[in-house]
Amino acid sequence: MASVDLDEVLDKAWADKALPEILGAPVSALKGVSDRDGELLAEAFGVTTVAHLAELKYVRWAQALAALGAAAK
C-alpha cells in the first residue's frame, strides 16, 4: 500500500483534510504551487483541481517516460 506524508506535499491548511476534499482542492493546495501557478495551469490545460492535475495526460506521459528512464539505468 502506498503512502504519502501529507505535510510534505500539501500547504498546512490542507494537510488535515480528507482525501476527497484534497482531490477537489485547487492545485495551489500543493506545497510550492502558488495561486498564480494554478491560474496558469487553468489557462493552459484547464486544470483546476489536484485531481485534474493528476489526470492530465501530459503529467502521465512525463511520469511514464521518467519510469522508463529509471528502469533503463
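Is Glu39 buried, partly exposed or exposed? Glu39 counts as partly exposed, at 41% relative accessibility, where buried means under 20% relative accessible area, exposed over 50%, and partly exposed in between (1.4 Å probe, protein chains only). The model is predicted: local features need pLDDT of at least 70 and side-chain atom pairs count only at pLDDT 80 or more, whereas totals for chains, interfaces and linings use all residues. Residues are numbered from 1 along each chain as its sequence is written, and side-chain values use heavy atoms, with hydrogens and water left out.

**Salt bridges**

- Side chains of opposite charge can pair when their charged atoms come close.
- Two salt bridges are counted, each requiring a side-chain nitrogen of Lys or Arg within 4 Å of a carboxyl oxygen of Asp or Glu.
- Arg36 forms a salt bridge with Glu39, and their closest N and O atoms are 3.1 Å apart.
- These two residues, Arg36 and Glu39, are about one helical turn apart because they are separated by three residues in helix H3; helices (H or I, at least four residues) and strands (E, at least two) are DSSP runs, numbered from the N terminus.
- Glu43 also forms a salt bridge with Arg36, with 3.7 Å between the closest N and O atoms.

**Aromatic pairs**

- There are two aromatic pairs, under a rule in which rings of Phe, Tyr and Trp (its six-membered ring) pair if their centres lie within 6.5 Å; planes under 30 degrees apart count as stacked, over 60 as edge-to-face and the rest as tilted.
- Phe45 and Tyr58 make a tilted pair, with 5.5 Å from centre to centre and 50° between the planes.
- This pair links distant parts of the chain, since Phe45 lies in helix H3 (residues 35-45) and Tyr58 in helix H5 (residues 57-72), 13 residues apart.
- Phe45 is partly exposed at 43% relative accessibility, and Tyr58 is partly exposed with a relative accessible area of 40%.
- Tyr58 and Trp61 form an edge-to-face pair, because their ring centres are 5.2 Å apart and their planes stand at 90°.
- Tyr58 and Trp61 are three residues apart in helix H5, so about one helical turn separates them.

**Cluster and surface patch**

- Phe45, Tyr58 and Trp61 form one aromatic cluster.
- Phe45, Tyr58 and Trp61 also form a nonpolar patch on the surface, with about 350 Å² of accessible area together.
- Patches are made of residues with over 30% relative accessible area and no salt bridge: like charges are joined within 9 Å, and nonpolar side chains (Val, Leu, Ile, Met, Phe, Trp, Tyr) within 5 Å.
- Accessible areas come from the Shrake-Rupley method with a 1.4 Å probe; for residues, only the protein chains shown count as cover.

**Surroundings of Trp14**

- Trp14 is placed in the loop between helix H1 (6-9) and helix H2 (19-23).
- Contacts of Trp14 (heavy atoms within 4.5 Å) are with Glu21, Ile22, Ala25, Pro26 and Ala29, not counting residues up to four places away in sequence.
- From Trp14 to Ala2, the separation is 12 residues in sequence and 19 Å in space, C-alpha to C-alpha.
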